[in-house]
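This briefing goes through selected side-chain contacts, helix packing and surface features. Please keep the sequence and the structure open while reading.

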Amino acid sequence: GSAAATEHLCRLGRQRVAYVGPTADFIFGVGRLAGYRDALAAAGRAVDDRLVRLEDTHPEGGYRATIAVLDEQPDAIHVATDPMAVGALRALRERGLNVPRDIAVVGFDGLPNARPTDPELTTVVQPVGEVGRTAVHVLQQGYDGPETVILPTSLHIGDSCGARSMATD
């Protein structure tokens, strides 16, 4: 999912794609950062570690990380959690930047109870229902140790990345 978000921003022509995500304390953050790096490499771009900021997973963490990364002048940010993206959008608005004209934003979670954003957030949607069903299935099969199950994600196109406005131009 993280690779798909980063690939999407690259396909939209964004050149300096930043990453705002959780610290390594959050195992899911490690995977999402790896997806970001893999997508940049697949697009033939070098990873610029100055465009990577790690913080806590709350809106305030997203806000702080976004303020810090703006010194590197990204034209897009892949934010690894939707709550962090809420903070990122606030930071961008306070800095007078227009999303998506000045900077595109793509989040990650797509949870059904997420609070609405302005502009509507483009986000990687996790199949939360399927996650629950799969967890129950694994437990019913007699869980006896670590098992990794990877479920497909999808990309919900909102207004924060600019893809909708490009389609209507």
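In this predicted model, Arg37 and Asp49 form a salt bridge whose closest N and O atoms are 3.0 Å apart. The pair links distant parts of the chain, with Arg37 in helix α2 and Asp49 in the loop between α2 and β2 (52-55), 12 residues apart. The count of salt bridges comes to 11.

- Arg37 has a relative accessible area of 29%, so the residue is classed as partly exposed.
- Asp49 is also partly exposed, because its relative accessibility is 48%.

**Asp109 and Arg32**
- A salt bridge joins the side chains of Asp109 and Arg32, at 3.6 Å from N to O.
- Asp109 belongs to strand β4 (residues 104-109) and Arg32 to helix α2, so this contact ties together parts that are 77 residues apart in sequence.
- Asp109 counts as buried, because its relative accessibility is 10%.
- Arg32 is buried as well, with a relative accessible area of 9%.

- Asp48 and Arg50 form a salt bridge, and their closest N and O atoms are 2.8 Å apart.
- Asp48 is buried at a relative accessible area of 18%, since the cut-off for buried is under 20%.
- Arg50 is partly exposed, with a relative accessible area of 48%.

**Packing of helices α3 and α4**
- Helix α3 (residues 59-69) packs with helix α4 (residues 82-94) at an angle of about 45 degrees, and their axes are 6 Å apart.
- α3 and α4 are therefore oblique to each other.
- The crossing in which α3 passes α4 is right-handed.

**Nonpolar surface patch**
- Ile27, Phe28 and Val30 make up a nonpolar patch on the surface, and together they have about 290 Å² of accessible area.
- Ile27 is located in helix α2 (residues 27-42).
- Ile27 counts as exposed, because its relative accessibility is 70%.

**Ala5**
- Helix α1 (residues 2-11) contains Ala5.
- Ala5 has 0% relative accessibility and so counts as buried.
- Between Ala5 and Val149 there are 20 Å in space, C-alpha to C-alpha, and the two are 144 residues apart in sequence.

How values were computed: Residues numbered from 1 in each chain as written. Predicted model: local features only at pLDDT ≥ 70, side-chain atom pairs only at ≥ 80, totals over all residues. Heavy atoms only, no water. Patch = residues over 30% accessible without salt bridge, like charges linked within 9 Å, V, L, I, M, F, W, Y side chains within 5 Å. Areas by Shrake-Rupley, 256 points an atom, 1.4 Å probe, with all protein chains shown as cover. Salt bridge = Lys/Arg side-chain N within 4 Å of Asp/Glu carboxyl O. Helix = DSSP H or I, 4+ residues; strand = E, 2+ residues; numbered from the N terminus. Buried < 20%, exposed > 50% of the residue type's maximum accessible area, 1.4 Å probe, protein only. Axes fitted to C-alpha atoms, helices over the stretch in contact; angles between N-to-C directions. Parallel < 35°, antiparallel > 145°, perpendicular 65-115°, else oblique. Left-handed = near helix turned anticlockwise from the far one by under 90°.
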